[in-house]
Amino acid sequence: MNEFLNMGGYAFYVWSSVGLFFITMLVDFISLRVKDKTVKRNIKSFIRRKNNR
Amino acid sequence: MKKQRTNVIVRLYHQLGSPPSFYRISGYFLKWLLLIAIILTGIGLYDGLVLAPADYQQGDSFRIIYIHVPMAWMSMFVYAIMGIAALIAIIWRMKVAEAVLIASAPIGAWFTLITLVTGSLWGKPMWGTWWEWDARMTSELILLFLYIGVMATYTAFNDDSRKAARMAALIAVVGLVNLPIIHFSVKWWSSIHQGTTVSIMGESRITWEMLRPLLTMAVATKFYYGYSMLKRARTYLLETEQQKRWVHDIVEEKKS
Amino acid sequence: MKPFFALVKRDLTLGLRRKSQIYQPLVFQLLVVTMFPLGLGSGAKTLALIAPAVIWILALLASLLTLDQIFKNDYDDGSVESYVLTSYPLSSSVLAKVLAHWLLSGLPLVVFAPVIAVLLHLPSHSYGVLMLSLLIGTPIFSFIGSIGSALTMSLKHGGLLLTVLVMPLLAPVLIFGAGAVVESSLGNSANTHILLLSGMLVLCITLVPFAAAAAIKINLE
C-alpha cells in the first residue's frame, strides 16, 4: 500500500494530478447544480409574483 | 404511418430542436450518463494507477497520462462540438444549439485547464521544468484563451441572452476556423526554436495493459461531458425561456 | 465601387480631423520602447536580439489601442445602421472600414517602424524585411480587429473583451511576422515567413468581411 502511495517517488506529481482532476470535476458538478437550483428558485418566485398580481 | 417511420431521423432532429422536448428527452439520460461516468472513472483509474505496469523509462510518473491525455482529447473534442453547435446556431438559429454551445464552454475550459496543469506536473519530473513552450502546450494555452473568449462574449451581453449566444457562436466559429492555422503555425514555430523536440511519449511503446485504462478514461470523460453539458443546457433553457408555459409546468411539478 | 471609396474617403477625412487615432499609437510605441533599455540595460547586443519581437509586439499592442474604433464611433452616431440598410453589401462596407482604419493607424506604424528599429539597434540589413512584414501584417490586425470591434461596438467597456478575443487569433501573425525579421537579422532568407503572412492576409480579405458583417447584424438585432 505504501509503495502504491509512493508512486515510485513521483507521489507528489501523480497524486496532485489525480486530485486536481477530481476537485475540478467536483467544482463543475457543484457549480452546475447550484446554478440549476438558483434558476429554478428564481422562476418559482417569478411565477408567484405573476400569480399574485 | 409509413411516412412517419421513414422520417424518424428528421423527426428526432425536430424534437431535439424544440426546447421542451429536448428537456424531456435529455432528462431520461442524465442520471445514466453520470452513473456510467463515475463507474468508468473508477475502473479506469484503478486500472491505470494500480494494475498497469510502470513504464520502464518514466517509472510511475507516466501514470499522469491517464488524466492528462483524456483531458487533452476532451479539450479538443468539446471545442469541435462547440464549433458545430455554433454553426447550427448561426445558420438555423436553433435555440437548443445555442444551449449546447454555451453549456459546453465551461466544462471545455476546465478540461483544457486540467490538461495544462497536469502537463506541467508531468513536465517537472520528466523535463525538469514546469513549463516548456513546446507546440502542444502552447496551442493548448491558446485553446484556453479561445474558450475564455467564448465565455466572456456571452457574459458581456448579459442583458440579452439570445444576442449573447449568437455572438458567442460567431466567436466560436471564428476560433474553429483559426484553430488549424494557430495549431500549424505554433507547431512550425516550435520546430524552428528548439533543436530537439520534447516528447512525453518518447520511444517507449505502449502495451495493451497501459492503453486499456487510457481508453476507459477517454470514454468516462466523454460521459461526464455529456452529463455536465446536458445539465447546463437544461438550466440554460429554463433560464432563457422562463416566460414560457412549459418551464412553469416543469418548475411547478417539481414543487408538488 | 463608388460607395466603397466614398466610405473610405469619409473615414479618412474624419480620422485626419481627429488625428488622435494616428499619433496615439506612435506615441505609445515610443514611450514603451524607451522602457526596454531602461529595464534591460542599454547593451546594443541584447537590444538587437529582442528587437524583432519587441517591434512586432509593440505594433500589435499599438494596433489594439485603436481597433475598437473601427465600428465604435459609427455605432454611437448610428451610421452602422445605414450600412446595413443600404443596398450596398455590408461586407464591402466592412472592407472599406478596415482599409480606412489601416490607412489611418496601420500604415503610420509601418512608416514609423524604422525609428523604433534604430532605437533597438536592429541590424540595418533587416529594415526592408521589417517594413515589408509589417506592411503585410498590420492589415491582418485591422481585419481580425474588425470582427472584435463589430462584436463589442454596442458595449460600453468592450476594450478588454476585444483584447481577449483578438489576441489569440493574432498569435500566428506574430509568429511569422517577428519570425521574418529574426531570420533576416540572422542573414537568412525570410521568404517563407513573408509568403505565409501574405497567405493569411489573403484569407482575411476573403473571409473576415463576412464574419464582421454577421457580427454587425447580430449586434443590431
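Modeller: This is a predicted model. Helix α2(A) and helix α8(B) run roughly parallel to each other.

Biologist: At what angle do helix α2 of chain A and helix α8 of chain B pack?

Modeller: The helices concerned are residues 11-52 of chain A and residues 208-240 of chain B, with axes 9 Å apart. Angles under 35 degrees count as roughly parallel, and α2(A) and α8(B) therefore fall in that class. The packing angle is about 20°.

Biologist: Is the crossing of α2(A) and α8(B) left-handed or right-handed?

Modeller: The handedness describes how α2(A) passes α8(B). That crossing is left-handed.

Biologist: How many residues of the contact of α2(A) with α8(B) are charged?

Modeller: On α2(A) the contact is made by M25(A), D28(A), L32(A), K35(A), D36(A), V39(A), K40(A) and I43(A). On α8(B) it is made by Y224(B), S228(B), K231(B), R232(B), T235(B), L238(B) and E239(B). Six of the contact residues are nonpolar and two are polar, while the number that are charged is seven.

Biologist: How many helices and strands does chain B have?

Modeller: From the N terminus on, the elements of chain B run α-α-α-α-α-α-α-α-α. The count for chain B is zero strands and nine helices.

Biologist: What share of the contacts in chain B with a separation of 6 or more joins residues 24 or more positions apart?

Modeller: Chain B has 256 residues, of which 45% count as buried, and its C-alpha atoms fill a box of roughly 60 × 40 × 40 Å along the principal axes. Among contacts with a separation of 6 or more, the share from residues 24 or more positions apart is 78%.

Definitions and conventions: Residues are numbered from 1 along each chain as its sequence is written. Chains are lettered from A and ligands numbered from 1 in the order in which they are written. This is a predicted model: local features need pLDDT of at least 70, side-chain atom pairs count only at pLDDT 80 or more; totals for chains, interfaces and linings use all residues. Helices (H or I, at least four residues) and strands (E, at least two) are DSSP runs, numbered from the N terminus. A residue is buried if 20 or more other C-beta atoms lie within 10 Å of its own, exposed if 12 or fewer, and partly exposed in between; C-beta atoms are placed from the backbone. Two residues are in contact if their C-beta atoms, placed from the backbone, lie within 7 Å. Axes are lines fitted to C-alpha atoms, for helices over the stretch in contact, and angles run from 0 to 180 degrees between N-to-C directions. Angles under 35 degrees count as roughly parallel, over 145 as roughly antiparallel, 65 to 115 as roughly perpendicular and the rest as oblique. A crossing is left-handed if the near helix is turned anticlockwise from the far one by less than a right angle, and right-handed if clockwise. Ala, Val, Leu, Ile, Met, Phe, Trp, Tyr, Cys and Pro count as nonpolar, Asp, Glu, Lys and Arg as charged, and the others, Gly among them, as polar.
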